[in-house]
Amino acid sequence: YLAGGASGTVSDTLERYDPNTDQWTTLASMAQASYSHLTAVHNGLLYILGGVGGTSTSSSVEIYDPSTNSWTAGPSSPSALRHTDGITVNGKIFLLGGRNSSAQELNKVLELDTITNTWSVKASLNKKRHGHVCAYFDGKIWAMGGFDVSQELNSVEIYDPVTDSWSDGPSLTTPRHWAVGWVSNGR
């Protein structure tokens, strides 16, 4: 699935690639064109959170159901965010850091409970950052790299959702932002 994006202008397009046919299919359009949003998946549904719609940073949440090819509005986040990263853990979507509508870096952490459709504020990151990458490993959420106000980061922070607390992790050997990361084979 590929949702939104910018090609000179923002987009409301949702497309799906089928490797069996080697074809892309255009699906139902998002209600709000956007880019720099967070996408998350839970229970077979695709969530689009925040981002930039037109010229303003958004707090919108849109939920796509592939079985009906339709979108519904989710509960707006407490803050407008873009360039954030996040991850789904135990039915909850966590948004970490990012930028606000004034392009200021944030250390805010928000949690969307997909069962109750309610937001809560969690313990803040130790460092403000955007353009970082998150991964879930060993029962904890790892926030790695990113960019603060003036530089790329090599810092790693580890969040324990049980205790709602952060600790420092081992630093990256190379500072970076807009990287991609994942967990595979226990690493």
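Q: Is Arg 99 buried or partly exposed?
A: Arg 99 is partly exposed, at a relative accessible area of 21%. Buried means under 20% relative accessible area, exposed over 50%, and partly exposed in between, with a 1.4 Å probe and protein chains only.

Q: What kind of model is this, and how are residues numbered?
A: This is a predicted model in which local features need pLDDT of at least 70 and side-chain atom pairs count only at pLDDT 80 or more, while totals for chains, interfaces and linings use all residues. Numbering starts from 1 along each chain as its sequence is written, and side-chain values use heavy atoms, with hydrogens and water left out.

Q: Back to Arg 99. What does its side chain meet in a salt bridge?
A: The side chain of Glu 105, at 3.0 Å from N to O. A salt bridge here is a side-chain nitrogen of Lys or Arg within 4 Å of a carboxyl oxygen of Asp or Glu. Glu 105 counts as buried, with 6% relative accessibility.

Q: Why would such side chains pair at all?
A: Side chains of opposite charge can pair when their charged atoms come close.

Q: How many salt bridges does the structure hold?
A: It holds 3. Another one joins Lys 122 and Glu 111, whose closest N and O atoms are 4.0 Å apart. Lys 122 sits in strand E13 (residues 118-122) and Glu 111 in strand E12 (residues 105-113), so this pair ties together parts 11 residues apart in sequence. Strands (E, at least two residues) are DSSP runs, numbered from the N terminus.

Q: And the accessibility of Lys 122 and Glu 111?
A: Lys 122 is partly exposed at 22%, whereas Glu 111 is buried at 9%.

Q: Which residue forms a salt bridge with Arg 129?
A: Glu 157, with the closest N and O atoms 2.8 Å apart. Arg 129 is in the loop between E13 and strand E14 (133-137), and Glu 157 is in strand E16, so the contact ties together parts that are 28 residues apart in sequence. Both Arg 129 and Glu 157 are buried.

Q: What does E16 pair with?
A: Strand E16 (residues 156-160) runs antiparallel to strand E17 (residues 165-168), joined by 4 bridges. Two strands pair if DSSP finds at least two bridges between them. Tyr 159 stands opposite Trp 166 in E17.

Q: What's in the turn?
A: E16 and E17 make a hairpin with 4 residues between them, and Asp 164 in that turn has a positive phi of about 50°.

Q: Where is His 83, and what is its phi?
A: His 83 is in the loop between E9 and strand E10 (85-89), and its phi is near 55°, a positive value in a residue other than glycine. His 83 is buried, with a relative accessible area of 15%.

Q: Is Asn 90 buried or exposed?
A: Asn 90 is exposed, with a relative accessible area of 70%. Asn 90 lies in the loop between E10 and strand E11 (92-99), and has a positive phi of about 50° although it is not a glycine.

Q: New topic: what order do the strands of the open sheet have?
A: The order is E4-E5-E8-E9, 4 strands with antiparallel pairing. Strand E4 (38-42) and strand E9 (70-73) are the edges, each pairing on one side only.

Q: How do E5 and E8 pair?
A: Strand E5 (residues 45-49) and strand E8 (residues 61-65) are antiparallel over 4 bridges. Ile 48 has Glu 62 in E8 as its bridge partner.
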